[in-house]
Every structure is written in C-alpha cells, then in structure tokens.
Amino acid sequence: MSSNPNVGRSGIVLESRASYDQSDSGQNRWIEVLVDCPEAEAQKRLYTYRLPAQLQVQPGDILSVPFGAQVLGAIAIRICDAPPPDLNPAKIRDVEDVVSAGFFPPTYWQLLNQVAQYYYTQLIQVIRVALPPGLLGRSQRRLRLAQGEGEGRQVGQAGNANYLSPTACKILELLQAQPSGDYSFVYLQRQVRGAYRAIRELLRAKLVESYLEPPRTQRPKLQKAVTLVADVFPLDLTQRQREILEVLRRRGGDLLLTELLQICNASSSTIKTLEQKGCVVIQEREMLRTSAEPLLAGDQPKALTPAQSEALEAIASLSGFAKVLLHGVTGSGKTEVYLQAIAPILERGQSALVLVPEIGLTPQLTDRFRARFGNKVCVYHSALSDGERYDTWRQMLAGAAQVVIGTRSAIFAPLPRLGLIVLDEEHDSSFKQDQPAPTYHARTVATWRAELENCPLVLGSATPSLETWLNITSPELTDSTQNSDAMNRVSPTQNALTHYLSLPERIQSRPLPPVEVVDMRQELQQGNRSIFSRSLQEGLQQLQDEGKQGILFIHRRGHSTFVSCRSCGYVIECPHCDVSLSYHHAHEEAAELLRCHYCNFVRSHPQSCPECGSPYLKFFGSGTQRVAQELAQQFPQLRYIRFDSDTTRTKGAHRTLLTRFTNGEADLLIGTQMLTKGLDISQVTLVGVVAADGLLHLPDYRASERAFQTLTQVAGRAGRGDDSGRVIIQTYSPEHPVIQAVRRHQYQSFIETELEQREALNYPPYGRLILLRLSSTDAAEVQETAEMLAAGLASNTPQGDSSSDTHPTTPMYEVLGPAPASILRVANRYRWQIMLKFAPDSLPELPDFNELRLLCPSSVSLTIDVDPLNLM
C-alpha cells in the first residue's frame with residue numbers, strides 16, 4: 001500500500017474500463033484506489049495495491065482492501081503498469097476481494113466529482129451518499145473470551161480477581177454474561193469508562209482474545225428453488241413422491257423450496273430424494289428484495305386540457321438537455337403530463353427519474369405510475385431496508401427501461417439510459433440536504449446530471465422557487481452570478497435552452513377554492529377562546545352534516561409548544577439544548593411526556609414546577625395533538641387521523657394512513673407540512689389552517705417565500721373533486737402581504753415584490769451565500785475558532801480592480817459574523833456560524849476550505865453549506 005496525494009480540486013479521473021487489456025492478467029498488476037477511510041487526510045489520497053492473479057478488476061469496481069489493522073471498502077480508480085518508484089513492491093499489500101463490479105460509468109463518476117468540488121466535500125463522502133448502504137464495508141475489532149480458559153471465565157463470578165483491576169473485572173463480567181462471550185471494542189468502550197487499558201490488561205492475562213471481523217457488505221439474497229426436469233416419472237417412486245411431482249407440474253414446474261414444502265406439507269429430505277432420482281433439480285436462485293406494493297388496476301392516459309397538450313408537446317419536442325419549468329396551479333394535472341411525457345421514453349428503451357420531496361408523497365405518486373406502467377416502476381428512498389435499496393440499485397444497473405421514483409438521494413440512481421428527469425414540487429426545501437456533507441440540492445445536481453446525460457429536466461410546481469423562476473424566465477439576469485472562473489469548474493450550463501410552460505387552470509375548469517382569512521384578534525375580542533374560529537367551527541359542522549372530508553393544517557407536531565409555571569414563570573427546557581420542551585400525550589401508554597424536537601430528549605411531565613413547586617403548570621401554543629384533542633371535545637362525531645412525524649415513524653405508515661382516509665374511514669386529516677406535498681384526495685372540500693402566524697415571523701430572509709408556498713400548497717388540497725372547496729386561514733396578522741397574496745391566489749405579484757427585496761439586499765437568487773457552521777461541546781473553544789476563521793476570511797478577501805469605474809476596491813465577498821446560531825446549544829453542542837455573501841455581478845476565487853478545516857481543533861466540527869436554505 002502506498003499513498004499518492006493526487007486528489008486535487010479538479011477531481012479524480014476514473015480510467016476508462018476499455019483501457020485495461022485483460023491479456024496482461026498473468027503479470028504483476030497494481031491498482032490505485034480511493035479508500036473509504038474515516039481519517040480526513042487519507043480521504044484526499046489514492047493508495048496503491050497489488051492485484052492477485054485470480055481477481056479480475058476494472059476501474060469503477062468496489063473492492064475490499066486491507067488498510068492498517070482494518071479491512072475497508074475502496075473504489076478502483078486506475079490500473080498501473082508499475083508501482084510508484086519510491087515504494088518497495090514487497091511492501092505493497094494485496095486487494096482482498098471485489099465487492100461489486102461496474103458501479104461507476106464515466107458520466108456518473110463525473111457527476112460525483114462535480115458534487116464534491118461544488119459543495120467542498122471529499123469525494124469519498126459523496127460516494128457514501130450516492131451508493132446504497134453496505135457496499136463500502138468496514139471491518140471492526142472485537143473481543144471474546146479466550147477458548148479453554150475455564151478458570152478465567154469464573155474470575156468475575158467468584159470474585160477472585162485480586163490480580164485484575166475493577167475495570168477489567170467489569171469487562172470480563174460483560175463478556176461472561178453474553179452467551180457468545182463476544183463484543184466489539186466500540187461497544188465495550190461505550191459501556192465501560194477506561195476500557196482501553198482494561199482490555200490490554202485482559203489480553204496480557206490471556207483471559208480474552210481480539211480478532212478482526214470482516215466487513216459486512218450487502219450481498220444478493222439467495223433462496224433454493226425446485227425445478228422439474230423429468231418428463232416421465234421413474235417407476236420406483238412412492239405415491240407421496242408422485243403427488244409432490246404432480247403439484248410441481250401443475251404449478252409450472254418451478255417453485256421455491258419453502259413454498260413447495262408448505263403446499264405439500266413435506267420434508268426437505270423427500271425433495272432431496274427426488275433430486276437423487278433425477279426428477280428435480282434444487283438450485284439457489286437470487287430473490288430481489290423489493291418494497292411490498294399493492295396490486296393496482298391498469299390505468300389509461302387521460303384526455304388533456306389545451307394547456308396540458310401544449311406542455312406535453314413542448315416537452316416531447318426536446319431532443320437534448322433543456323430546463324423546463326412546468327408552472328401549474330394546484331390541481332392542474334401536472335402528474336398526467338409527466339406520465340404521458342414518460343410513456344414514449346420507455347418505448348424507446350430509455351428510463352425516467354422522478355424525484356419527490358418526501359417519503360409521505362411517494363406512495364400516492366407511485367400508485368399512479370404503477371397503475372400506468374406496471375412493474376417498470378420502482379421506488380428508491382431511505383425508508384427502504386438496506387437489502388431493498390441494494391437490490392433496487394442493482395436492478396437499475398441492469399439497464400432495462402424503467403421509471404425510478406424517489407426522494408433527493410435518488411438523484412444518484414444509476415440509470416444507464418436516462419431519457420428524462422422530473423422534479424415534482426421543485427420548490428420544496430426537502431430537496432436540500434443540510435447534514436451530513438455533502439450539503440447538496442437535488443435540483444442543482446439534477447441540472448448537472450441532465451446536462452451530462454443530454455436529456456431534459458422538468459421542474460414542476462404551483463409555487464416555483466425564486467431561483468427557478470428567475471433562472472427560467474430571465475436567464476440573462478442569473479448568468480452573471482454563475483460565469484466566473486470559480487464557478488465554471490462545475491456550474492450548470494447557462495446557455496442551454498430554458499422553457500416556461502404554464503397550466504393556469506385546474507382540470508375540468510374547476511375553480512381554485514376561495515380563501516377566507518379570519519382575524520383571531522377579533523375572535524378573542526368577541527369572546528371566542530377556542531383554537532377554532534367561528535367560521536372554522538361552522539365548516540367543521542358542515543363536514544359532519546354533509547358527510548364530506550377536510551384537512552386541518554398546523555405547522556407543529558405534539559400537543560403544546562412549551563410548558564410554563566403560572567406562579568413563577570419558569571419554562572421547562574431541554575437539558576441538552578437551548579429550547580423549551582414540547583408537551584406530548586402518548587395515548588397508547590396513557591403517559592404525559594415532554595420531548596425535545598431537536599435532540600429527541602424525553603422526560604415525564606412533572607406534577608409540580610421544578611423551580612418553585614407550584615402545581616399550576618400551563619400549556620402554551622398548539623400542536624397537532626392539541627388540535628386533535630380540541631376537535632374531539634367540540635366535535636365528538638368527527639373521525640380524524642393525525643398525519644405527522646409522530647404517527648408515521650413505522651415503515652408503510654404513510655400509505656396506511658392515507659389509504660384509510662381515502663377509503664372514508666375518517667372525516668378529517670390533521671397534520672403538518674406533509675399535507676402540503678402534492679396530496680391529491682378528491683373528497684376534500686374544506687382546508688383549515690389553524691395558526692398561520694408560526695410560518696410568518698421567522699428570522700430568515702426566505703420566511704415569506706416559504707410561508708406563501710406552504711399556505712398556497714395546503715390551500716390547493718381543497719376542491720379537487722366534483723364538489724367545490726373552501727379554505728379558512730386563521731391568523732393574528734391578516735394584513736400581512738403573504739396572507740393577502742394567498743387569499744387572492746396572486747403568485748405573480750408576490751414573487752415580483754419578493755424579488756425586488758432580494759435584489760436590493762443582494763440575496764439569492766441575485767447573490768450567493770455559503771454558510772460555515774461550527775459546533776463543539778466547548779463553548780469558549782468554538783467561539784474562538786469561529787472568530788479566528790472569520791478574521792482570516794476577512795483579511796484574505798480580495799479587492800476589486802480600483803481602476804474600474806464600477807465597484808472600485810469593492811471586496812469580492814462579504815463576511816457576516818461570526819455569530820451564535822439562533823439556537824446556540826443543541827444536543828450539548830454549542831453552535832456558531834459565519835456567512836459568506838457574494839456580490840450579484842461576480843464571484844471570487846474562493847479560499848481553500850480544506851485548509852480552513854485544518855485550522856479547526858479536532859474538538860470543533862466544521863460544516864460548509866453551499867447555497868444554504870436553512871439559516872437557523
């Protein structure tokens with residue numbers, strides 16, 4: 001093994017697979033690999049290994065290699081004719097094995113390099129995000145009781161441990177209590193303080209032994225299958241054997257062994273006897289692990305409106321890379337346009353990639369696609385098991401024409417013949433990853449990928465993001481922020497064709513639902529202390545009387561935002577974060593809990609104030625639980641389903657709850673942001689927004705845009721069927737521009753006003769931001785590090801040309817901060833931030849962020865968020 005520090009900012013070039021001549025396989029061969037190593041310095045280097053004669057390796061294969069005392073995953077980069085001249089060939093170690101072959105086509109590898117460079121992340125970190133879990137395996141050191149040490153096994157039990165330290169005795173007791181007498185080093189170090197020295201003590205005493213467990217990588221799932229091979233049965237068969245063969249013949253001559261045994265109530269020895277007599281063959285067969293989906297009736301293309309037909313024709317006419325904004329009001333039929341645009345692509349033998357914001361939206365959209373395209377549709381997201389993700393990934397690699405539907409990580413799906421990429425609800429912030437690195441936006445990566453694959457990218461939304469709106473409708477205004485030398489390395493092509501397609505009306509000319517804004521200040525003055533206004537109470541009563549369905553939107557889960565003592569004013573806070581605990585009522589356990597929504601700390605609700613002992617504790621604010629509780633008290637006849645992250649934790653919960661609601665098992669769906677993400681339920685006639693103010697007054701320049709998008713999207717859930725809809729928004733700020741724009745369905749006027757404000761402040765989409773997030777358990781150290789980095793960045797800020805008539809001696813970027821995060825402490829880590837803000841007309845040569853990371857102490861974590869969406 002030898003390191004080669006040639007992983008520069010230009011990226012790692014993967015050698016072409018065709019460049020390796022297999023005729024050289026009999027000679028000594030070497031290969032340079034990128035190792036999945038946790039050490040940051042090692043991630044920047046390539047390492048040289050010897051290829052054993054029996055291994056056939058190509059660039060792009062995933063390998064297992066020895067690295068120090070471990071065995072790690074690695075990516076084969078290039079075959080070498082000779083090792084580095086400064087390295088003794090005798091010291092080069094051999095590649096262990098090939099884990100998976102052919103995972104990195106050239107354009108795919110180029111995409112990964114682009115992501116790594118643009119988002120200032122080590123390439124191996126991008127690869128970890130892109131690949132399914134378990135492919136880059138890692139060995140781990142384990143400890144077990146020494147074999148045959150009977151006397152040693154009883155040291156802890158008998159208490160006769162005079163020659164062992166108490167810590168060593170504790171570790172020995174843990175091993176003896178375990179049936180296999182085996183634990184990992186990591187587990188023991190978590191359980192016992194000072195475990196490292198104690199383990200060395202036990203090893204010297206030969207009471208335990210350590211060993212290296214091989215990496216646990218994903219493998220195909222194999223099951224035994226029985227195949228009938230005899231046309232005529234032998235004469236010496238028993239009646240029972242003939243019955244089994246007859247069952248197998250009636251079932252097509254091929255069944256899984258477990259299935260055959262269950263049907264015939266037979267033993268495996270009977271089937272083995274039939275194999276010995278030449279009647280059947282038992283062989284292992286791969287079984288694809290795919291998510292269980294219900295069987296659906298076939299679906300035919302729908303008749304299109306004139307606007308839909310124009311949009312479909314425009315998309316179908318595109319023969320190469322282009323960015324398309326499909327701007328359609330809620331209920332205008334964007335999904336049908338996607339479906340009919342994808343159909344001819346599949347007929348040409350190509351594939352399509354459809355991205356959705358969250359898993360909650362996936363089941364409904366997947367059902368529509370599967371009803372249209374059958375088994376050509378597969379899903380890919382983080383809620384799948386590791387085995388399901390691995391098999392789905394390999395199925396995509398096979399190259400068959402298919403439609404892949406997934407969340408943001410599916411942008412890395414390895415479809416070899418990609419014909420179209422669709423981002424549905426492209427405005428949604430779920431497409432941006434905040435942590436861990438890389439902090440990529442799926443929309444940006446999708447643009448790069450569409451360019452590399454030379455295929456169209458369709459961005460669909462009723463409320464497009466300001467970035468997409470300006471880029472599509474006025475691309476010449478955004479060119480200047482993207483064309484500097486610093487950006488040319490990886491930025492999307494700005495000269496590509498852009499298309500704006502509009503769907504201004506709902507299908508069947510259904511009207512957009514009228515929006516009623518209720519001033520909750522007046523409700524309070526008139527004596528209504530309920531969380532439901534009189535208008536909303538009337539609407540809920542009408543639902544109950546007419547048998548209709550509705551949605552109640554609240555932007556928070558849980559019962560109440562915080563709990564406070566009415567005697568002394570004490571607010572119960574999280575011991576690990578600088579936030580209050582939210583009250584939750586666990587019905588299944590009849591328990592009252594306080595939960596932190598940042599670190600998930602949970603404690604029981606106290607009977608009295610921890611500060612003064614007063615029993616008068618009051619709940620403030622409203623969450624989904626409290627809304628449901630109030631609803632049950634005022635409208636006991638209305639059936640409801642809560643739809644938030646508390647009720648959708650288990651696998652398949654999203655589909656189950658939505659299916660129950662669609663089938664009429666509930667009158668109301670009460671939920672959070674999940675309700676805004678493209679749900680299409682025709683029976684919904686009422687949408688109520690319980691408290692819109694929680695979306696309006698946030699310390700973020702994007703707060704108004706997000707609030708408008710959320711309220712418009714949730715309002716659009718009403719009136720999608722034959723019955724007209726109604727929307728009621730409750731607020732204490734009815735005059736707020738966002739509320740008024742939503743009430744009038746005025747996207748155009750709202751976005752023009754918002755763009756004026758952004759341009760005046762040089763904020764995106766006119767400018768550009770990079771956010772440096774620092775955190776540590778040491779409050780003083782993280783503050784000092786943030787101040788040091790900010791000072792260094794400010795002093796190194798290059799100046800503009802003083803001879804220029806425009807912007808003389810203007811800094812190329814502005815350093816804002818350092819400043820503590822809006823919530824300083826989360827999970828016992830103190831957080832500081834530094835913002836780099838770029839002028840709208842140019843971008844600077846950015847500093848080397850690898851050097852910035854090296855300036856941080858090991859106890860301070862640094863995350864670089866390029867184009868951040870979340871500033872809190």
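**Close-up views of a predicted model**

**View 1. The whole chain, before zooming in.** There are 28 helices and 34 strands in this protein, and the model is a predicted one. Buried residues make up 54% of the 872 in the protein. Take the contacts between residues at least 6 apart in sequence: 75% of them join residues at least 24 apart.

**View 2. Helix H1, residues 106-118.** From first C-alpha to last, the 13 residues of H1 reach 18 Å, close to the 18 Å expected at 1.5 Å a residue. H1 is largely enclosed by the rest of the structure, because 10 of its 13 residues are buried. Just past the end of H1, look for Tyr120, which has a positive phi of about 50°.

**View 3. The second largest pocket and its lining.** This pocket holds about 1200 Å³ of space. Its lining counts 42 residues, and the ones nearest the centre are Gln364, Arg368, Asp680, Ile681 and Arg720. Sorted by class, the lining comes out at 17 polar, 14 charged and 11 nonpolar residues.

**View 4. Helices around the second largest pocket.** Helices H12 (334-347), H13 (362-373) and H22 (653-662) each put at least two residues into the lining. Which helix gives the most? That's H13, with six residues.

Key
Residues numbered from 1 in each chain as written. Predicted model: local features only at pLDDT ≥ 70, side-chain atom pairs only at ≥ 80, totals over all residues. Heavy atoms only, no water. Helix = DSSP H or I, 4+ residues; strand = E, 2+ residues; numbered from the N terminus. Expected span 1.5 Å × (residues − 1). Buried < 20%, exposed > 50% of the residue type's maximum accessible area, 1.4 Å probe, protein only. Contact = heavy atoms within 4.5 Å. 1 Å grid on protein atoms, 1.4 Å probe; cavity = no way out; pocket = protein on both sides within 12 Å on 5 of 7 lines; lining within 4 Å. Points joined across faces, edges and corners; volume = space filled by probe spheres on them. Nonpolar A, V, L, I, M, F, W, Y, C, P; charged D, E, K, R; others polar.
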